[in-house]
Amino acid sequence: MAAMVLAATRLLRVSRAWGRPRLRFGGPARRRFSSGGAYPSVPLSAPLPGVPQPVFATVDGQEKFETRVTTLDNGLRVASQNKFGQFCTVGILINSGSRYEAKYLSGIAHFLEKLAFSSTDRFDSRDGILLTLEKHGGICDCQTSRDTTMYAVSADSRGLDTVVGLLADVVLHPRLTEEEIEMARMAVQFELEDLNMRPDPEPLLTEMIHEAAYRENTVGLHRFCPAENVAKVDRAALHAYLRNYYTPDRMVLAGVGVEHDHLVESARKHLLGARPAWGSGTAVDVDRSVAQYTGGVVKLERDMSNVSLGPTPFPELTHIMIGLESCSFLEEDFIPFAVLNMMMGGGGSFSAGGPGKGMFTRLYLNVLNRHHWMYNATSYHHSYEDTGLLCIHASADPRQVREMVEIITKEFILMGGAVDRVELERAKTQLVSMLMMNLESRPVVFEDVGRQVLATGSRKLPHELCALIRNVRPEDVKRVASKMLRGKPSVAALGDLSHLPTYEHIQAALCSRDGRLPRAFRLFR
C-alpha cells in the first residue's frame, strides 16, 4: 500500500513540473498532436490537404544500366552491379573446368578447387589470407563446375582494392608447394570416399548420367578426380593446365555492391600486365570442342542395404536416372525447357509443405501420389553453353525397378502431349518466384552477373527473364518436348539392378505412343 502511495506522489510531482497536473488513474487524455484533430473529415485513403506530393524511387530507369561491363586491354572483362549495403561480393570467374581436361590428367580442376586460397607470392600461408580478409569482415570460397571455376570474396566495400589485389594474387601467383598439394590430395581422397558412402546418391548419379550422355567428351568427363589419378597430379601437371586456361581473355572480374569505376581502377592496378607464376607464354593448347551427345547407359551394381544404419535404417533402394538432350542456355528454347522442368517438379515421397513445395507438379500428382512404394521422383535440368540435359531421378525397392522405369518413361511421353493452361501458369509463376527470391541474395546476383558475362559478354536483367517466362505458351512446351523425345536416352543406374530393363527396352518405350516397356517373356520363372 505504501509503495502505491509513493508511486502516485512521484507521478503527481512529475506532472506539476510540466505545468499541467494530470491524474494517473483518470479517463484517457486527448493527445495534442493527433492528426485526427487537425483533419477530422479526411479519410485515411485520401491525401491530406496542403501536404506536398511524395516522390518515390523508381527502378525502371535504373535497371537499364544495372550491370556495367568494361573490357581491359588484355581481354579481361570487368562487370559490376551496384547494390545498396555495406558489404560487397567480388570474384573472378574463369572459363575452366573438367570439360577441358581431355588432354590432361582428369581431376586437375578438382585439385585446383582444393588448392584455392593457399600460399601465394605475397602470403606465406592460407592463414595470412584469412587474417587479411578478417580486417574487412571478409570470407572466401572457391567452386568448380564442369565449365566454370569461381573464386569469390564477400567483404566490406571499403576494402575493395585489397580484395581485388588478394584475388589477383590467389589466381595468378599460387605457390602450389608440395605440402599443399599433398593436403589437397588427402582432401580429394576424402571427398571421393564420402561420395560413395553418403545416403543421398544424387551427386554420384549426376556424374554417371553425364558420363552416359556425353561418352568420353566435354561435359561427360569426370568432374571428380578418378581414384587412379589422385597420386599422379603434381605441380607440373597443374602449371601445364593453368598456362592454357587461366588467361585474361577467359576471365571475368565480377562485383556486386561496388562502384564500377572503382572496380575497373582496381582491376587495371592488379590484373593488367600481371605476370602469372607459370610464365607469360600464350595459350597454345586450348580445347574448343563442342559437346557431342551420344546417349547410353552407365550401371553401378552396389549393395545399398547398409547405406544408412541406426535406429531407423534407410530402406534398400535402387536409383535410376533417365535423361534426354535438351538445349544450351544460349538458345531461345532454354526458357520453355526451364518451364517444363518446373512443371515436372517432384521430390521425395514426404514433404512438409504445400503448393510452394511443388506438391502440384506432375511428378507429385501422377507418380508419388499414386504409387506409394516410390521413394523419390525428381526432375533436373542441366544446361551448358553448347548442350543441355533434362532428366528424372527415381528411387524404389529393387523388386519394383521395372515398374518404376515404365512409370518414368510414361511421364516422358506425356511431356509431348497436351499441356493444361492452369499447370503451365502455375509452373511459370513458380519459376518467376524462384528466380526473384534467389536474386535477393547478393552472392547469387554475383554468380549470375559473372556467368552471364563470361558466356555472352552481357547480362539479361531479371525483368527481361520474367517477360520471357511469361511469354511461354503451351505449344512451346509441347514443341521442345517432342523434339527432345526424338533423341536417344541416357540411363544411370545404381544399386541392385537384377530387375533393370535393358537399354534397348527403355529406348523402345520412349519411342512408343504410351511409354510402355516391351513385354519380357521368360520360359522359367
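Okay, let's start with a word we'll need a lot: a residue is buried if its relative accessible area is under 20%, exposed if it is over 50%, and partly exposed in between, using a 1.4 Å probe on protein chains only. With that rule, 47% of the 525 residues in this chain are buried.

Quick housekeeping. This is a predicted model, where local features need pLDDT of at least 70, side-chain atom pairs count only at pLDDT 80 or more, and totals for chains, interfaces and linings use all residues. Residues are numbered from 1 along each chain as its sequence is written, and side-chain values use heavy atoms, with hydrogens and water left out.

So, the overall picture. The chain has 18 helices and 12 strands; these are DSSP runs numbered from the N terminus, H or I with at least four residues for helices, E with at least two for strands. Now contacts, meaning heavy atoms within 4.5 Å. Of the contacts in the chain with a separation of 6 or more, 79% join residues 24 or more positions apart.

Let's zoom in on strand β10, residues 376-383. Of its 8 residues, 6 are buried. Who sits beside it? Two strands count as paired if DSSP finds at least two bridges between them. On one side of our list there's β9, residues 346-348, which pairs with β10 in the antiparallel sense over 3 bridges. Then there's β11, residues 388-396, also antiparallel to β10, over 8 bridges. β10 and β11 make a hairpin, with 4 residues between them.

Next up, holes. A cavity here is a set of points on a 1 Å grid over the protein atoms alone where a 1.4 Å probe fits but cannot get out, and lining residues have an atom within 4 Å of a point. Points are joined across faces, edges and corners, and the volume is the space filled by probe spheres set on them. How many cavities of 30 Å³ or more does that give? The count is 2.

Residues lining it include Met342, Phe360, Arg362 and Glu423. α14 gives the most to this lining, with 4 residues, and the classes come out as 4 nonpolar, 2 polar and 3 charged.

Most residues other than glycine have a negative phi. Leucine 176, though, has a positive phi near 55 degrees. You'll find leucine 176 in the loop between α6 and α7 (178-197), and it counts as buried because its relative accessible area is 3%. Phenylalanine 117 has a positive phi too, about 60 degrees. That one is in the loop between α4 and α5 (126-134), and it is buried at 3% relative accessibility.

Definitions and conventions. On a 1 Å grid over the protein atoms alone, a cavity is a set of points where a 1.4 Å probe fits but cannot get out, and a pocket is an open set with protein on both sides within 12 Å along at least five of seven lines; lining residues have an atom within 4 Å of a point. Ala, Val, Leu, Ile, Met, Phe, Trp, Tyr, Cys and Pro count as nonpolar, Asp, Glu, Lys and Arg as charged, and the others, Gly among them, as polar.
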